[in-house]
Amino acid sequence: MKYMTDWKVSWLEKNKFLSMLGISKKAGKLIAGYDPVEEAIIKKKIVIVMLSNELSEKNRAKIKKSAEKYNIPVKEIHFSMEEIGWALGSKPTGILGISDNGLACILEKSAL
């Protein structure tokens, strides 16, 4: 990595995060979408909420309010809804809930 340009390092870090999202989904530790994440927050099944930078202010405020009510941390991630949807093999989504502490820690560290 000594001779890599900045854009290559940035791309590798981005790719690592998106790959971990796919692994989290396959492991059944990721919940995506507004309604499923809000339901999981209420049932205290998730340990962190991650929000796309493209998410609307209305949905961002609603999810943050729900998460704060149940003391669940919220992290803003700099990925588009299309990138997240691509990584999950689904339609574009901007709200993610992670239900495993270990995966949450790895994703939080690798998020840009």
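The legends below describe close-up views of a predicted model.

**View 1. Overall arrangement of the protein.** The protein holds five helices and four strands. Read from the N terminus, its elements follow the order α-β-α-β-α-β-α-β-α. Of the 112 residues, 37% are buried. The accessible surface amounts to about 6700 Å², and carbon and sulfur atoms account for 54% of this surface. Among contacts between residues at least 6 apart in sequence, 76% link residues at least 24 apart.

**View 2. The open sheet of four strands.** The strands are arranged in the order β1-β4-β2-β3, with mixed pairing. β1 (30-32) and β3 (74-77) each have a single partner strand and stand at the edges, so one side of each lacks a neighbour in the sheet. On average, and with direction ignored, neighbouring strands are turned by 25° against each other.

**View 3. Pairing of β1 with β4.** Three bridges join β1 to strand β4 (residues 95-98) in the antiparallel sense. Ile31 has Gly97 of β4 as its bridge partner.

**View 4. Helix α3 on the sheet.** Helix α3 (residues 57-69) packs on the sheet and touches β2 (48-52), β3 and β4. The directions of α3 and β2 make an angle of about 170°.

**View 5. The buried side of helix α4.** Helix α4 spans residues 81-88, and its residues Ile84, Gly85, Ala87 and Leu88 are buried. These four residues lie on the same side of α4, because they cover an arc of only 160° around the axis.

Technical notes. Residues are numbered from 1 along each chain as its sequence is written. This is a predicted model: local features need pLDDT of at least 70, side-chain atom pairs count only at pLDDT 80 or more; totals for chains, interfaces and linings use all residues. Side-chain values use heavy atoms; hydrogens and water are left out. Two strands pair if DSSP finds at least two bridges between them. Helices (H or I, at least four residues) and strands (E, at least two) are DSSP runs, numbered from the N terminus. Axes are lines fitted to C-alpha atoms, for helices over the stretch in contact, and angles run from 0 to 180 degrees between N-to-C directions. Contact means heavy atoms within 4.5 Å. Buried means under 20% relative accessible area, exposed over 50%, partly exposed in between (1.4 Å probe, protein chains only). The arc is that of the directions from the helix axis to the C-beta atoms. Accessible areas come from the Shrake-Rupley method with a 1.4 Å probe; for residues, only the protein chains shown count as cover.
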